Amino acid sequence: MAKKEARAQEEVNAEADPSPMIDCCFLLLMFFIVNASQITVSKDPSVNMPNAVSASEMKDANGCIVVNVFADPEIMGAKNAKALEKYNKNYNPGTIWGVADASQNSIGFNSGQMQELSDFITKQREAMEGKKIKPEMIRLYLRGDADAPWSRTAGAIQAAAAAGVNNIVFGTLPAE
């Protein structure tokens, strides 16, 4: 009889401890934060993107290696003084390709640095493969200025091909 009373008394005083549930929620939150892929594309304001009639929004930016293709500074300044100011602040004179590294630092390459651009793309590809991104999902995202000569875009494509990146996405804006 005394055991039944003691057990009944224990059941009345029993409270649920929420700390294990809080720990589990915290661990799940940390798991999703760490494993979430950021869907961002480094957008350089110095690039005046062309408009396209049949542009569609890119659904997944995961696996994109972004290369900005610049127009000549004289043309850029004539159209947008603010863009030219940002270009001059971030890049050396003669820069025709701009990229951002993992810490979002701007790196510029000129026409004589095609091998360096290819090496940068190779490092980016290898880093993505290390993150278990499928090779077919790794692609070059070209943000070409509307006034940039085609030879600059072709040079970026050649550098990507030399780096083993064969999928290319051309960035455009929807038609106005």
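**Strands, rings and charges**

Modeller: Let's start with β6, where Val169 is the bridge partner of Tyr141. This is a predicted model, so local features need pLDDT of at least 70 and side-chain atom pairs pLDDT 80 or more, while totals for chains, interfaces and linings use all residues. Residues are numbered from 1 along each chain as its sequence is written, and side-chain values use heavy atoms, with hydrogens and water left out.

Biologist: What makes β5 and β6 a strand pair?

Modeller: Four bridges join β5 (residues 139-144) to β6, and the two run parallel. Pairing takes at least two bridges found by DSSP, so they qualify. The strands themselves are DSSP runs of E, at least two residues, and helices are runs of H or I, at least four, numbered from the N terminus.

Biologist: How do you know that helix α5 packs on the sheet?

Modeller: Helix α5 (residues 114-130) touches β2, β3, β4 and β5, where contact means heavy atoms within 4.5 Å.

Biologist: Why is the Phe70 and Tyr87 pair called edge-to-face?

Modeller: Their rings sit 5.1 Å centre to centre, with 70 degrees between the planes. Rings of Phe, Tyr and Trp (its six-membered ring) pair with centres within 6.5 Å; planes under 30 degrees apart are stacked, over 60 edge-to-face, and the rest tilted. So 70 degrees makes this one edge-to-face.

Biologist: And why is the pair of Phe70 and Tyr91 called tilted?

Modeller: The centres are 4.9 Å apart, but the planes are at 55 degrees, so that pair is tilted. Ring pairs link Phe70, Tyr87 and Tyr91 into a cluster.

Biologist: What makes Asp72 and Arg152 a salt bridge?

Modeller: The closest N and O atoms are 2.6 Å apart. The rule asks for a side-chain nitrogen of Lys or Arg within 4 Å of a carboxyl oxygen of Asp or Glu, so the pair passes. Asp72 is in the loop between β2 and α3 and Arg152 in helix α6 (residues 150-162), so the bridge ties together parts 80 residues apart in sequence.

Biologist: How do you know whether Arg152 is buried or exposed?

Modeller: Arg152 has a relative accessible area of 14%. Buried means under 20%, exposed over 50%, partly exposed in between (1.4 Å probe, protein chains only), so Arg152 is buried. Asp72, at 26%, counts as partly exposed.

Biologist: Which label does Lys79 get?

Modeller: Exposed, with a relative accessible area of 56%. Lys79 meets Asp147 in a salt bridge of 3.0 Å, N to O.

Note on methods. Axes fitted to C-alpha atoms, helices over the stretch in contact; angles between N-to-C directions.
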